[in-house]
Amino acid sequence: MTTKELLYVDDALSHAQFLVTQCQNAANSLQDTSLKLQVQQMADRHRQTYQNFYKLV
C-alpha cells in the first residue's frame with residue numbers, strides 16, 4: 001500500500017471508531033428497548049466495518 005492509501009485507511013478507522021462510540025453512547029442513554037436495540041446493531045455494524053478496515057493494514 002502506498003502512504004496515501006494507508007492514510008485513507010487510517011482515516012476510515014478513525015471514522016468507524018468514532019461512529020461506534022457515538023452509537024454506544026446513544027444506545028446507553030435510550031430508554032426505548034426497540035430503539036436501543038437498533039442503535040446497538042448500528043454500533044455492531046460500525047464495529048465490523050472497523051475490523052474490516054483494520055484487516056487491510
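Modeller: Gladly; please keep in mind that this is a predicted model. The secondary structure of the protein chain comes to 2 helices and 0 strands.

Colleague: And what box do the C-alpha atoms fill along the principal axes?

Modeller: The box is roughly 45 × 15 × 10 Å. The radius of gyration of the protein chain is 14 Å, whereas a compact globule of 57 residues would have one near 10 Å.

Colleague: How much of the chain is buried?

Modeller: Buried residues make up 16% of the 57 residues in the protein chain. The accessible surface comes to about 4400 Å², and 56% of that surface belongs to carbon and sulfur atoms.

Colleague: Of the contacts between residues at least 6 apart in sequence, what share joins residues at least 24 apart?

Modeller: That share is 50% in the protein chain. As one example of a pair of positions, Gln48 and Ala16 are 32 residues apart along the chain, and their C-alpha atoms are separated by 8.9 Å. Tyr8 and Ala27, on the other hand, are 19 residues apart along the chain, with 28 Å between their C-alpha atoms.

Colleague: Where do Gln48 and Tyr8 sit?

Modeller: Gln48 is found in helix α2, while Tyr8 has its place in helix α1. Gln48 is partly exposed, at a relative accessible area of 38%, and Tyr8 counts as exposed, at 54% relative accessibility.

Colleague: Changing topic to charges, how many salt bridges are there?

Modeller: The count comes to 1 salt bridge. It joins the side chains of Arg47 and Asp44, with a distance of 2.7 Å from N to O.

Colleague: Why would two such side chains pair up at all?

Modeller: In general terms, side chains of opposite charge can pair when their charged atoms come close. In this model, Arg47 and Asp44 are separated by about one helical turn, because they are 3 residues apart in helix α2, which covers residues 33-56.

Colleague: What about aromatics, how many pairs does a search of the whole structure find?

Modeller: The search finds 1 aromatic pair. The rings belong to Tyr50 and Tyr54, and with their centres 6.2 Å apart and their planes at 15 degrees, the pair is stacked.

Colleague: Which helix holds Tyr50 and Tyr54?

Modeller: Both lie in helix α2, where Tyr50 and Tyr54 are 4 residues apart, about one turn of the helix. Tyr50 counts as partly exposed, at 25% relative accessibility, whereas Tyr54 counts as exposed, at 52%.

Colleague: One last thing, which residues form the nonpolar patch on the surface?

Modeller: The patch is formed by Met1, Leu6, Leu56 and Val57, and together these residues have about 400 Å² of accessible area.

Colleague: Where is Met1 placed?

Modeller: Met1 lies in the segment before α1, the helix that covers residues 3-29. With a relative accessible area of 55%, Met1 is exposed.

Terms used
Residues are numbered from 1 along each chain as its sequence is written. This is a predicted model: local features need pLDDT of at least 70, side-chain atom pairs count only at pLDDT 80 or more; totals for chains, interfaces and linings use all residues. Side-chain values use heavy atoms; hydrogens and water are left out. A salt bridge is a side-chain nitrogen of Lys or Arg within 4 Å of a carboxyl oxygen of Asp or Glu. Patches are made of residues with over 30% relative accessible area and no salt bridge: like charges are joined within 9 Å, nonpolar side chains (Val, Leu, Ile, Met, Phe, Trp, Tyr) within 5 Å. Accessible areas come from the Shrake-Rupley method with a 1.4 Å probe; for residues, only the protein chains shown count as cover. Buried means under 20% relative accessible area, exposed over 50%, partly exposed in between (1.4 Å probe, protein chains only). The radius of gyration is taken over C-alpha atoms; the globule rule is 2.2 Å times the number of residues to the power 0.38. Contact means heavy atoms within 4.5 Å. Rings of Phe, Tyr and Trp (its six-membered ring) pair if their centres lie within 6.5 Å; planes under 30 degrees apart count as stacked, over 60 as edge-to-face and the rest as tilted.
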